[in-house]
Amino acid sequence: MTTTLAAPVGHERGTPGYRRLGAALWCGGLATFVLVYSVQGLLPTLAAEFGVSSSTSSLVLSATTGTLALAIVPLAAVAESWGRARVMTWALAAAAVLALLAPLSPTFAVLVGIRALQGVALAALPALLMAHVTREVAPRWLGGAVGLLIAGNTIGGLSGRLIAGTVAEFGGWRAGLAAVGLVSLACTVAFRLLLPPTVGGQAPRVRLRDLGGSVRLHLRDPGLRCLFGISFALMSTFVTVYNFLSFRLLAAPFALPGALVGLVFLGYLVGTGASTTAGRLGDRFGRRKVLWGTVLVALIGAWVTLPDVLPLVLAGVLLVTIGFFGAHSVASSWVGRRSVLLPGGDPGQASSLYLFAYYAGSSVGGLLGGVAFDLAGWPGLVGYISALLGAALVLAVHLRHVPAP
């Protein structure tokens with residue numbers, strides 16, 4: 001397979017190209033997360049509407065992230081050689097159209113099916129966004145640029161939940177999903193208009209029969225394996241907390257109104273600062289130290305949510321959010337850096353594998369988190385995510401002993 005190296009030059013921080021690229025990637029990340037996670041705040045409503053359990057209702061999210069995870073590696077490998085800008089634009093547009101069809105679903109099964117198709121439509125996008133950052137930004141500013149991308153993800157995740165939840169309060173869940181579709185369509189237009197011309201070049205064409213060798217190459221690297229494992233554990237934790245937090249707050253002893261519970265997703269705002277700050281701190285003080293610290297913050301936050309005391313629950317969720325976005329920012333930028341140093345490595349392939357683990361965590365890890373919640377309530381859920389974060393911390397510490405490629 002042809003070796004692809006990162007571009008020797010790229011946009012420097014503070015230049016017009018860097019600012020346009022950052023704004024475009026922010027819109028792309030926002031659109032992706034608006035589409036994927038808008039249903040999270042609607043899970044209790046969908047469970048009641050269709051008469052399904054809390055863990056079953058989470059299938060409307062797991063279906064999207066599950067098909068995305070399955071398709072991301074082959075599609076990202078092939079799609080990058082078709083032109084990153086073109087493929088990213090069409091992926092966003094197709095997913096937005098499906099989002100406008102979702103509110104028309106007559107049954108829960110149809111809704112899950114449309115959401116699964118959205119995952120396929122979006123499959124190439126997250127890896128291409130990361131690969132585009134790696135190829136287009138000067139290496140010394142990569143951590144901060146990835147932080148900007150993840151900040152867009154954060155705002156997208158927050159916006160999707162708030163828009164869908166707020167509109168659903170007045171017009172029902174169908175109106176909520178329709179509003180999300182319109183927002184995602186607007187983000188797609190803004191993304192294409194803002195994206196500057198490519199300076200890093202396109203990847204060579206990849207044949208699917210060569211993909212297995214490339215995947216094995218990246219999986220043989222112990223450092224990348226650790227980062228992929230961290231990705232799975234982090235996202236499993238994060239999506240589990242936010243999937244089932246609404247169920248806890250709507251029930252006794254809190255019994256909060258639905259509109260107030262929806263405001264809990266404002267906690268996503270701290271993720272914006274956490275992702276950009278962690279990326280820059282990693283560039284300055286070392287990625288290992290920042291990764292250890294952010295995972296530990298998330299673990300402490302999980303324990304803080306245990307008592308049935310609303311201020312402690314909210315504070316703990318904020319700590320989990322800060323820890324997740326900080327660790328994800330550092331780990332995802334580290335994948336790009338390490339892959340370009342690997343003989344025969346490709347940042348696009350490495351990013352797609354990282355995101356396979358990430359969305360597998362959202363799908364499989366989130367579904368298992370629902371089983372833990374159904375069986376043992378919030379304490380069972382905290383025990384589950386504590387095990388995940390403990391594994392992530394072990395992998396992060398192990399990275400200290402992994403030599404550079």
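Visitor: Which helices each supply at least two residues of the lining of the second largest cavity?

Guide: On a 1 Å grid over the protein atoms alone, a cavity is a set of points where a 1.4 Å probe fits but cannot get out, and lining residues have an atom within 4 Å of a point. In this structure, helix H6 (108-122) and helix H9 (173-194) each supply at least two, with helices being DSSP runs (H or I, at least four residues) numbered from the N terminus. H9 gives the largest share, three residues. This is a predicted model, where local features need pLDDT of at least 70, side-chain atom pairs count only at pLDDT 80 or more, and totals for chains, interfaces and linings use all residues. Residues are numbered from 1 along each chain as its sequence is written, and side-chain values use heavy atoms, leaving out hydrogens and water.

Visitor: Which residues line the second largest cavity?

Guide: Look for Leu 35, Ser 38, Ala 99, Ala 102, Arg 115, Gln 118, Leu 177, Val 180 and Gly 181. They divide into five nonpolar, three polar and one charged (Ala, Val, Leu, Ile, Met, Phe, Trp, Tyr, Cys and Pro count as nonpolar, Asp, Glu, Lys and Arg as charged, the others, Gly among them, as polar). The space inside is about 60 Å³.

Visitor: And how many cavities of 30 Å³ or more are there?

Guide: Five, by this rule. The largest cavity holds about 100 Å³ of space. Its lining has eight nonpolar, four polar and no charged residues, including Phe 33, Asn 153, His 328 and Tyr 358. Helices H1 (16-37), H7 (124-136), H8 and H16 (347-398) give two or more residues each to that lining.

Visitor: What about the largest pocket: how many residues line it?

Guide: A pocket is an open set of points with protein on both sides within 12 Å along at least five of seven lines. The largest pocket has 18 lining residues, and Gly 41, Gly 165, Glu 169, Gly 258 and Gly 262 lie nearest its centre. H8 gives the most, six residues. About 300 Å³ of space lies in this pocket.

Visitor: At what angle do the axes of H13 and H15 cross?

Guide: Two packed helices are described by the angle and the distance between their axes. The axes of H13 (residues 269-285) and H15 (residues 310-341) cross at roughly 40 degrees and come within 8 Å. That makes H13 oblique to H15 (under 35 degrees is roughly parallel, over 145 roughly antiparallel, 65 to 115 roughly perpendicular, the rest oblique). Axes are lines fitted to C-alpha atoms over the stretch in contact, with angles from 0 to 180 degrees between N-to-C directions.

Key
Points joined across faces, edges and corners; volume = space filled by probe spheres on them.
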